[in-house]
Amino acid sequence: MKVENLKIIVFDLDYTLWPFWIDTHVSPPFKKQSSNRIVDNYGAKVKYYPEVPEILKNLQNQGYELGIASRTSEIQGAKQLLNLLGWDKYFTYWEIFPGSKVTHFNNIKKQSNCHFEEMLFFDDENRNITDITRLGVVSILVKNGVSKSVVENGIQKYIGARK
């Protein structure tokens, strides 16, 4: 069920949707094998947090717009991996470039015509949580990747913060 006034849910990529840094722990370009397995340039299997595909699908089906805010320098690799995973269809906002997440969120705000108070953010780095919370976005520190319980707790925190 969609929460009133929550319009956009934004995710970091590294150690939030998948358990690695795309610019150091894997080697793009990526390939999808006949078994639907995705491997990097050296044939190493690329993994993600297991509940992520269902989470993205459910959030989109509930009517939320989804966004990415990633500071990686491996922009093409991140986009290629999102495409190969089939997750690209879920995201409206793509802010993937080095620099401050404040810039990412200002861009999302501009593109969406939504206020920061209408957004929820998940990231594994405390400095990003601190910066984005200052903007007025309810921000959730992710410790072991995104899971259904992490997202549910984040939505409950959003509801509590907006009462």
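1. The largest pocket is lined by Met 1, Val 3, Ile 55, Asn 58, Leu 59, Gln 62, Lys 148, Val 151, Glu 152, Ile 155, Gln 156 and Ile 159. A pocket here is an open set of points on a 1 Å grid over the protein atoms alone, where a 1.4 Å probe fits, with protein on both sides within 12 Å along at least five of seven lines; lining residues have an atom within 4 Å of a point.

2. Some ground rules come next. The model is predicted, so local features need pLDDT of at least 70 and side-chain atom pairs pLDDT 80 or more, while totals for chains, interfaces and linings use all residues. Residues are numbered from 1 along each chain as its sequence is written, and side-chain values use heavy atoms, with hydrogens and water left out.

3. Which helices each supply at least two residues of the lining of the largest pocket? They are α1 (52-61) and α5 (148-161). Helices (H or I, at least four residues) and strands (E, at least two) are DSSP runs numbered from the N terminus. The largest share, six residues, comes from α5. The volume of this pocket is about 220 Å³, counted as the space filled by probe spheres set on points joined across faces, edges and corners.

4. By class, the lining of the largest pocket has seven nonpolar, three polar and two charged residues. Asp, Glu, Lys and Arg count as charged; Ala, Val, Leu, Ile, Met, Phe, Trp, Tyr, Cys and Pro as nonpolar; the others, Gly among them, as polar.

5. The second largest pocket has a volume of about 190 Å³. Its lining includes Lys 32, Asn 36, Arg 37, Lys 45, Tyr 48 and Trp 87. Seven of the lining residues are nonpolar, one is polar and four are charged.

6. Asn 36 also deserves a look for its backbone. Asn 36 is not a glycine, yet its phi is positive, about 70 degrees. Most residues other than glycine have a negative phi. Asn 36 sits in the loop between β2 and β3 (38-39). With 56% relative accessible area, Asn 36 is exposed (exposed: over 50%; buried: under 20%; partly exposed: in between; 1.4 Å probe, protein chains only).

7. Asn 5 is another non-glycine residue with a positive phi, near 75 degrees. Asn 5 belongs to the segment before β1. Its relative accessibility is 45%, so Asn 5 counts as partly exposed.

8. Which two residues does a cis peptide bond join? They are Pro 28 and Pro 29, with omega about 0 degrees. Pro 29 lies in the loop between β1 (8-11) and β2 (31-32). Most peptide bonds are trans.

9. Is Ser 139 buried or exposed? Ser 139 counts as buried because its relative accessibility is 4%. Ser 139 is in strand β7 (residues 138-141). Its side chain makes a 3.4 Å polar contact with the side chain of Thr 133 (N or O atoms within 3.5 Å, one able to donate a hydrogen and the other to accept it; residues adjacent in sequence count only if both atoms are side-chain atoms). The side chain of Ser 139 also reaches the backbone oxygen of Val 137 at 3.1 Å. Leaving out residues up to four places away in sequence, Ser 139 touches Phe 121, Ile 129, Ile 132, Thr 133 and Lys 157 (heavy atoms within 4.5 Å).

10. Finally, the whole chain. The protein chain has five helices and seven strands. Of its 163 residues, 45% count as buried. Among contacts with a separation of 6 or more, 65% are between residues 24 or more positions apart. The C-alpha atoms fill a box of roughly 50 × 30 × 30 Å along the principal axes.
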